[in-house]
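Subject: Structure handover

Dear colleague,

Please find the structure below. My notes on it follow.

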Amino acid sequence: SGSLTVGELAEKLNKDSSEIIKKLMFLGVMATKNQDLDADSIELICEEFGVEVEEEVVVDDTDIENMTFDDDPEDLKERPAVVTIMGHVDHGKTTLLDRIRDTKVTEGEAGGITQHIGAYQVEEDGKKITFLDTPGHAAFTSMRSRGAQVTDIAILVVAADDGVMPQTKEAISHAKAAGVPIIVAVNKMDKEGANPDRVMQELMEYELIAEDYGGETIFVKMSAVKGEGIDELLEMIVLISEMEEFKANPDRPAYGTVIEAELDKGRGPVATLLVQNGTLNVSDSIVVGNTFGRVRAMVNDLGRRVKVAGPSTPVEITGLNNVPQAGDRFLVFEDEKKARSVGEARAQRQLEENRSATAKVSLDDLFEQI
Ligand code: GDP
Ligand code: MG
């Protein structure tokens, strides 16, 4: 920590130097205005003036949000695209997500009990695709505002009988801000009054220009209710995945983002994680947002217990001390003690942050140089 002179402390406390010197005299310390004060003296004086000084918390400063990881390009392997479905309310997002899941996931899954974990994977042309089941806007706004980018491709659902609406525009701006490719799903083609050309024309204003109009944006005409156009949509996702070459290194400790989390009566804190890089294993030591723990059990999107989860895989875990938040980052530490110290420091820091709602002067503030 730093130090302050009598004069500097006086200024911080909005007092006259002579008042500080007098207090110091009472404490048996003879001091001048330019004298350096140690932390103990500063704290004593603050107490004398009724200013509460926060305890300095020793934090492990491992910043899991902003850590960068350099993977050797040779270690990078293809990974599934992570797709979010966005669009105006009632244009068919949920119907489309359910339809994809019903037609693709339960296919051949004996007993296929699909459990809702906020994300699922399907296979098309031998390639996996991960769909985030959380409302697209929430996924973008809450997660992106916290620095997490989880989506590789955005599907923009626009009802052919309704056209571009306010949340359509919002979705476009989120996807553009994130810099992810957009595929337009012109839905409800089965409806009377469906007018896909109008949708294409309206979207030109947002630089989403269909090939028919000389642009490069992929438009898929479909009906989520009738199941028409689903295969073409999935094929287009695969096509974009191949063009973009999404990659990750499966041979490193996992990190990624929390998709959903809740407190389960029987199982304790339960979190759905999207592994973005590396491989997550049962019994890994993990820091998740402001909590930590050891992965006790992992369940995949089919409700099956798994021991490993590679890049782009959504998985539900138990074993955390507390419930994290959607959008929180997670990071596995090979050293369990390190995970604990980082996790405890982050939990402590959050506690402090919550507490400091009441205005206090921190030693850091006092030591801040002018
Ligand atoms: P969301 O708000 O975007 O999730 O929209 P929903 O999936 O809940 O769909 C809103 C309504 O539109 C529901 O009544 C759906 O059955 C209906 N719907 C969705 N897709 C289609 C479609 O392709 N054709 C028709 N006719 N109705 C659809
Ligand atoms: Mg919905």
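**What was found**

The side chain of Thr 313 comes to 2.8 Å from the backbone oxygen of Gly 310, which is a polar contact (a pair of N or O atoms within 3.5 Å; within protein, one must be able to donate a hydrogen and the other to accept it, and residues adjacent in sequence count only if both atoms are side-chain atoms). Thr 313 sits in the loop between β17 (308-309) and β18 (314-320). Thr 313 counts as buried because its relative accessibility is 18%; buried means under 20% relative accessible area, exposed over 50%, and partly exposed in between (1.4 Å probe, protein chains only).

This is a predicted model, in which local features need pLDDT of at least 70, side-chain atom pairs count only at pLDDT 80 or more, and totals for chains, interfaces and linings use all residues. Residues are numbered from 1 along each chain as its sequence is written, chains are lettered from A and ligands numbered from 1 in the order in which they are written, and side-chain values use heavy atoms, with hydrogens and water left out.

The chain has a mean pLDDT (the predictor's confidence in each residue, from 0 to 100) of 87, and 86% of its residues reach 70 or more. The model scores are ipTM 0.99 and pTM 0.78.

Ligand 1 is surrounded by 15 residues, and the closest are Asp 90, Lys 93, Thr 94, Thr 95 and Asp 190; a residue is counted if one of its heavy atoms lies within 4 Å. Oxygen atoms of ligand 1 have a backbone N or O atom of Asp 90 at 2.7 Å, a backbone N or O atom of His 91 at 3.4 Å, and a polar side-chain atom of Ser 223 at 3.2 Å. The protein buries 72% of the 580 Å² that ligand 1 exposes when taken alone (Shrake-Rupley method with a 1.4 Å probe; for residues, only the protein chains shown count as cover).

Helix α4 (residues 93-105) contributes the most to the shell around ligand 1, with three residues. Helices (H or I, at least four residues) and strands (E, at least two) are DSSP runs, numbered from the N terminus. Thr 94 belongs to helix α4 and is exposed because its relative accessible area is 54%.

Elsewhere, Leu 44 lies in helix α3 (residues 39-48) and, at 41% relative accessibility, counts as partly exposed.

Regards
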